[in-house]
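Visitor: Please take a close look at a single part of this model and describe its contacts and surroundings in one connected account.

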Amino acid sequence: MAGPETDAQYQSTKLMPSDAPFFTGIKKYFNSYTLTGRMNCVLATYGGIALIVLYFKLRSKKTPAVKAT
């Protein structure tokens, strides 16, 4: 397994993901060891992509300064 966590810490995360003492701050919500952490990563990614698509879809269309005849 890659990363600084040991197998004992990984096993405790599988049993009690919300009470894991070594996940603090943003790591508690976005990690690859718990299903909740993975889900949050996926939702954040999809949300970011949706915001980018909405931004380009809803931004105003610029009209040319001089129209060709």
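Guide: Glycine 37 is buried, because its relative accessible area is 1%; buried means under 20% relative accessible area, exposed over 50%, and partly exposed in between, with a 1.4 Å probe and protein chains only. This is a predicted model, in which local features need pLDDT of at least 70 and side-chain atom pairs count only at pLDDT 80 or more, while totals for chains, interfaces and linings use all residues. Residues are numbered from 1 along each chain as its sequence is written, and side-chain values use heavy atoms, with hydrogens and water left out.

Glycine 37 sits in helix α2; helices (H or I, at least four residues) and strands (E, at least two) are DSSP runs, numbered from the N terminus. The backbone nitrogen of glycine 37 is 3.0 Å from a polar atom of the threonine 34 side chain.

Threonine 34 belongs to the loop between α1 (7–15) and α2. Threonine 34 counts as buried because its relative accessibility is 6%. Its side chain also makes a polar contact of 2.9 Å with the side chain of asparagine 31. A polar contact is a pair of N or O atoms within 3.5 Å; within protein, one must be able to donate a hydrogen and the other to accept it, and residues adjacent in sequence count only if both atoms are side-chain atoms.

Asparagine 31 is in the loop between α1 and α2, and counts as buried because its relative accessibility is 8%. A polar atom of the asparagine 31 side chain lies 3.1 Å from the backbone nitrogen of tyrosine 33.

The structure holds 2 aromatic pairs. Rings of Phe, Tyr and Trp (its six-membered ring) pair if their centres lie within 6.5 Å; planes under 30 degrees apart count as stacked, over 60 as edge-to-face and the rest as tilted. Phenylalanine 23 and tyrosine 33 form a tilted pair, with 6.1 Å centre to centre and 35 degrees between the planes. Both residues are in the loop between α1 and α2, 10 residues apart, and both are buried. Tyrosine 55 and phenylalanine 56 form an edge-to-face pair, at 5.1 Å centre to centre and 75 degrees between the planes. Tyrosine 55 is exposed because its relative accessible area is 52%, whereas phenylalanine 56, at 45%, is partly exposed.

UniProt, in an unreviewed entry, places the feature "transmembrane region" at residues 37–56; UniProt positions are given in the numbering used here, feature names are shortened, and annotations may be inferred rather than shown by experiment. Over residues 37–56 the chain is 100% helix and 0% strand, with the end C-alpha atoms 29 Å apart.

Isoleucine 49 is found in helix α2, which covers residues 35–58. Isoleucine 49 counts as partly exposed because its relative accessibility is 48%.
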